[in-house]
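Good morning, and thank you for joining.

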Amino acid sequence: MNQRTKNGFRKYLSLLLVLMMLVSVLPITSFAADGGSAVTYLAFTSDTHNKSNNVAADRLDGWINGVSASLGGVKFDAFGICGDLGDAGDANNYWKYAGKIVDTVNNNKNVNTGIFTYGNHDDGGPGNSKKPTAQYNKYSAMYTAVGEAKLVPGSYAVYCFGSHTGSGTQTFLDADINALSTYLDNCDPNIPVFILSHFPLHIY
């Protein structure tokens, strides 16, 4: 390769690198829009541990709005929480504080659907055993049970692996694992499946 050829190769390589860098900083949504596909936004968190002063609920509301604004005012198609929504020593108050988180998500203008799965506090944890109180009946009905999924046909699914009832070690039962395996074997292979699980987030 002579000097002239080398110089031309260097210029070509430099131009290629510049183009690669420019492409890498373009927003992903631009590519999706140009391709004619709508962009779906999902968000997930865990362990809000809301208490009597509802500080956690207020912060969550502000966080959802802040993230939405930072992305140009997008609306989340789904917002999932992986358990331990509340923090209290007795069942009735626990579900009141957890319920405030549920209401915060469901009433937020930037969220279409709230998805809530069980943590060890929500489902039989110390001091928070299930009782037929008004708060429990109202808000536990809004949770997605372990082994169930929210499906948006042709788009995505959110499977709730949750937390084994009353398990302080947060181990998964073979039955839970087998149920997940069966679901994945039979779901639409062309859509993504998001798995919400309280473990290991709570332990680690």
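**Surface and overall makeup**

The protein exposes about 11,600 Å², and carbon and sulfur atoms supply 56% of that area. Please keep in mind that this is a predicted model. Of the 204 residues of the protein, 33% count as buried. Among contacts with a separation of 6 or more, 73% come from residues 24 or more positions apart.

As for secondary structure, the protein has six helices and six strands. Read along the sequence, these elements follow the pattern α-α-β-α-β-α-β-α-β-β-α-β.

**The strands**

Let me begin with the open sheet. Three strands form it, in the order β1-β2-β3, and the pairing is parallel. The strands β1, residues 42–45, and β3, residues 111–116, stand at the edges with a single partner strand each, so one side of each is left without a neighbour in the sheet. On average, neighbouring strands of this sheet are turned by 15° against each other, direction ignored.

Within the sheet, four bridges pair β1 with β2, residues 76–81, in the parallel sense. On the display you can find F44 standing opposite G80 in β2. Helix α3, which covers residues 55–70, lies across β1, β2 and β3 and runs at about 145° to β2.

Strand β4, residues 148–152, and strand β5, residues 156–162, run antiparallel and are joined by five bridges. Together β4 and β5 form a hairpin with three residues between them, and in the turn G154 has a positive phi of about 80°.

**The aromatic rings**

How many aromatic pairs does the count come to? The count comes to ten aromatic pairs. In one of them, the rings of Y94 and W95 have their centres 5.6 Å apart and their planes at 80°, so this pair is edge-to-face. Both Y94 and W95 are buried.

Another pair is made by Y118 and Y143, with ring centres 4.8 Å apart and planes at 35°, so it is classed as tilted. Y118 lies in the loop between β3 and α5 (134–140), whereas Y143 lies in the loop between α5 and β4, so the pair ties together parts that are 25 residues apart in sequence. Y118 is buried, with a relative accessible area of 9%, and Y143 is buried as well, at 7%.

**The cysteines**

I close with the cysteines. A disulfide is a covalent bond between the sulfur atoms of two cysteines. The count of disulfides here comes to zero. C82 is in no disulfide, and the nearest cysteine sulfur, that of C160, is 8.0 Å away.

Terms used
Residues are numbered from 1 along each chain as its sequence is written. This is a predicted model: local features need pLDDT of at least 70, side-chain atom pairs count only at pLDDT 80 or more; totals for chains, interfaces and linings use all residues. Side-chain values use heavy atoms; hydrogens and water are left out. Two strands pair if DSSP finds at least two bridges between them. Helices (H or I, at least four residues) and strands (E, at least two) are DSSP runs, numbered from the N terminus. Axes are lines fitted to C-alpha atoms, for helices over the stretch in contact, and angles run from 0 to 180 degrees between N-to-C directions. Contact means heavy atoms within 4.5 Å. Rings of Phe, Tyr and Trp (its six-membered ring) pair if their centres lie within 6.5 Å; planes under 30 degrees apart count as stacked, over 60 as edge-to-face and the rest as tilted. Buried means under 20% relative accessible area, exposed over 50%, partly exposed in between (1.4 Å probe, protein chains only). A disulfide is a pair of cysteine sulfur atoms within 2.5 Å. Accessible areas come from the Shrake-Rupley method with a 1.4 Å probe; for residues, only the protein chains shown count as cover.
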